[in-house]
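Keep the sequence and the 3D view side by side as you read.

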Amino acid sequence: MRPTQRLHPLAAALTAALLPALALAQQTESAELDRIEVRALPLGGTLLDSTTPVDVLTGEQLDDKRGATLGETLQSELGIHSTAFGPGAARPIIRGLGGSRVRITEDGLNSLDASALSPDHGTSIEPLLIDRVEVLRGPATLLYGSTASGGVVNVIDNRIPETRQDFGAAFELRGGTAGNEIAGVGRIDGGVGPFQFHFDGFYRDTSDFEIPGSALSRDRLAELDPEEREEAPRGILENSAIENEGGTLGGSFVGDWGFAGFAYKRYDSTYGIPAELEEEEEAGDKDEEEEGGIAIDLEQERYEFKAGLNAPLPALQSINLKVATNDYQHVELEGDEVGTTFNIDGLEIRTEARLADIGRWANVIGIQYEDTELEAIGAEAFIPPATTESLGLFWIADYDLDPVKLSAGVRWQDDEVSLDQGRVIEGVTGRDFSLLTVSTGAIWKLSDDWQTSLNWSRSERAPTQEELFADGPHVATQAFEIGDSTLGEEVSNNIDLGLHGDLGPVHFRLDLFYNDIDDFVFLANTDEIEDGLPVQLWSQADAEFYGLEFEASVRQDLGAEGELEWRFFTDTVQADIDAGNGNVPRLSPTRIGAGIDWHRGPMRANLQYYRAMERSDVAEFETETSGYNMLDLNLVYALDLERTRVEFFLKGSNLLDETQRAHTSFLKEFAPLPGLNLSGGIRVAL
C-alpha cells in the first residue's frame, strides 16, 4: 500500500471497534450461512456449492441498499463498483471489468438494452421492483457467453410465476432530499387455480442533485481564470435530473408437469448527462443554457416467454426454455435537438436440459442463441449499423465425492458481427469468431465449519460492434471514438481461490483472483483532438488483473437489547497492461470499511463506513483521483398487523457530506457523486 493510502482515522476507529466484539462474541451462537438457491447456476445449488464466487442480495439487505440505478444499488458490494456516469446512468463494474464484459440478465436472459455499449447508457431495470440480485464474480463465459467474461448480474422479479402462489400486494413510497426525489412502486401477485399472475408499476422523479462543493475538480478550477472560477457551478450538479416510469404484466399456467408463461415489460427513462462548464457557456444566455445540455430519452418494450417441464423423459430431470425479444430506442438529446438515436431489436433463446443423474454425476446441456440489430442514426452517429449473431452450445457437470465436489464444463460459441446495408470498412463487411471456453474446479469441505474452493477457466471473448467499427464523435461521453476492425479475440486464463469458515460466532470469507488476459481490448486515451473532442482508440494489449475480497463478521447477543452483527471488509483490484505506462484506465480503487447491524424486535438499524483509496497509479493522459469516505445509515421500524406488514424507513447516504469523485467515471472531473441525501418512506405488504 502506498504511503499516501494510510487508513483514515474514522476507518481505524471502526476497525478497532471490532476487536472487543470478537472477544465478547465467543459466548454467542455460531452464525450459519444462508443456504440460498442460486438461479443463475444451471445446476442449481447454493452459495456454498459453486466454485465460482457468487453473491445473493435479497430481503432486508436488498431493501436497505436500493438506489435509483442498478449500479448505485450494488456499488458497495464486495468487488463491485459503479460507472457513475451521473445519477441516471450507473452500471456495475466487477473486479475492475465493466461494459461489455459484465452481462446484465433478467432471470438468465440478456437485458437487451444499450447499457453495455457506453457508460452514458442506463440499464432498463428498476431496482425497487427487484426481488433478488445474484452476482457471479469472475468469468461466467461458460454459462452466459462472450459478454460475461467479467461476471454476471442476474436480477429476478417474479414477472412469470413458476409456482402456485397466494394473493399478495405490496407498494413502496419514498422521497429523498439530495435530488428532491419522489418514487413509488406497486405490485400484485396471485393466482386462480393453475393460472398465476403478476402486475407491477413504478414512477421516479428527481430534480438536479445537490453536491457538497464545486462540480469541477481542483485541477479543472485551476485551469480557469478568476471570473470563470466564480461562475463555476457549486452546490448543484446541473443537468442530473431523472424521470423513470413503466410497468410489467405477466401470467403463467402452473401444474405438477411444470409451468409456461408470458410477460410484457415497458420501461421509459429520461435523465441528464452532466457537462463541463465550457459546454454550458456555449449555449448562450441563461434561457438557452437552461434548454441546453445532453439528455437521454430511453424507451424499451420487452416480451418474454418461459416454460419448464418436470421429468419430460426418463433421461431428463427437467428442461427449461426462455425467450426474450426486445424493441429498444435510446435518443441522445442536445438541448431540444436530437443528436443520435440508437435502435436495438434483440432476440435471445436459451434452453437448458438437466439430465438424469448417473451415480454421482449431475449434468446440464444447453444452447443459447442471440440476434441483436443495433443501428445508430444521426449526424454524430459514431457506430455503423450492424447485426451481431451468436450461437453457443455448453455442457456443465458436477461430480460429488463428498467431502470434495468436482465441476467441469465446456462451451463452444460462434459470434458474427455483420455490417448492414452492404457497408465496407477497411476492406471488411464483418467479422466472425469461433470461441472455446473450458472450466474446471473443486470444492473441498475441510470440516463442518470450513471449506475451500479452487476454479480455473480459460475463456475467449470476441470484440464487440463498437470496439471494431466505432468512428466518430460520441457527444454524451465527450470523446471521439475510433475502433479497429482488425481486433482479435481476447483469451483469458482465470484462477479463483476461496476460503470460507467459522470460528465459533465469527465468519470469515476470503476470495483471491488472478486473471491473465491476452489481447485485452481497452479504450486508450490519446493527446489528440478531433472535432473538438479528445480522441480515444479501441486498442489491444496483454493485461493482468489480480486482487482479493475479504470479509469477517461476528454476531453478538445483547439479550433484551437485541442482536448486533459487526463486519469488517476490504476489496482491491490491481492491473498491469503491456501498453502506455502499464496502467489500466479507470481501474476501481481499493476500499476498506466496517459496519454494524442491529436488530431488536420490530426495529433494525445498520451503519456502514468505507474508505475508497486514492488512485495515483493512473494510465497515460488520465488524472489521479483522491480518496473519499462514505458513511451510510439505515433505520427501519416494522409493524406486523393481522395480514399486513408495514415498514417505515429512513436512510442517510454520504452522511459526511463529502465531495466524492469515482475514479471509474468518465465524468469525475466535473460530476462528483451526490452529497448528503436523507431519504425515507413506507413499505406495505399484504
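**Strands, rings and a surface patch**

Five strands make an open sheet in the order β1-β6-β7-β4-β5, with mixed pairing. Its edge strands are β1 (54–58) and β5 (109–110), each pairing on one side only. Strands here are DSSP runs of E with at least two residues, numbered from the N terminus. Two strands pair if DSSP finds at least two bridges between them. Strand β4 (residues 102–106) joins β5 by two bridges in the antiparallel sense. Thr105 has Asn110 in β5 as its bridge partner.

A word on the basis of all this. This is a predicted model, in which local features need pLDDT of at least 70, side-chain atom pairs count only at pLDDT 80 or more, and totals for chains, interfaces and linings use all residues. Residues are numbered from 1 along each chain as its sequence is written, and side-chain values use heavy atoms, with hydrogens and water left out.

Next, follow strand β27 (residues 533–557). Strand β24 (residues 479–482) runs parallel to β27, and three bridges join them. There, Glu481 stands opposite Gln536. Strand β26 (residues 506–530) pairs with β27 in the antiparallel sense over 20 bridges. A hairpin is formed by β26 and β27, with two residues between them. In that turn, Asp531 has a positive phi of about 55°. Strand β28 (residues 563–577) runs antiparallel to β27, joined by 15 bridges. Gln556 faces Leu564 of β28 in this pairing. These two strands, β27 and β28, also form a hairpin, with five residues between them. Gly559 in the turn has a positive phi of about 65°.

Now turn to the aromatic rings. The structure holds 13 aromatic pairs. Rings of Phe, Tyr and Trp (its six-membered ring) pair if their centres lie within 6.5 Å; planes under 30 degrees apart count as stacked, over 60 as edge-to-face and the rest as tilted. Phe195 and Phe253 have ring centres 5.5 Å apart and planes at 55°, so this pair is tilted. The pair links distant parts of the chain, 58 residues apart: Phe195 is in strand β10 (residues 195–206) and Phe253 in strand β13 (residues 242–255). One aromatic cluster takes in Phe195, Phe197, Phe199 and Phe253.

Buried means under 20% relative accessible area, exposed over 50%, partly exposed in between (1.4 Å probe, protein chains only).

Charges meet rings too. Arg591 lies over the face of Tyr610, 5.5 Å from the ring centre. The charged end of Arg683 sits over the ring of Phe649, 4.1 Å from its centre. The test asks for NZ of Lys or CZ of Arg within 6 Å of the ring centre and within 35 degrees of the ring normal.

Ile365 has its place in β18. With a relative accessible area of 37%, Ile365 is partly exposed. Leu435, in strand β21 (residues 430–445), is buried, with a relative accessible area of 3%. From Leu435 to Asp398 is 37 residues in sequence and 23 Å in space, C-alpha to C-alpha.

Methods. Helices (H or I, at least four residues) and strands (E, at least two) are DSSP runs, numbered from the N terminus.
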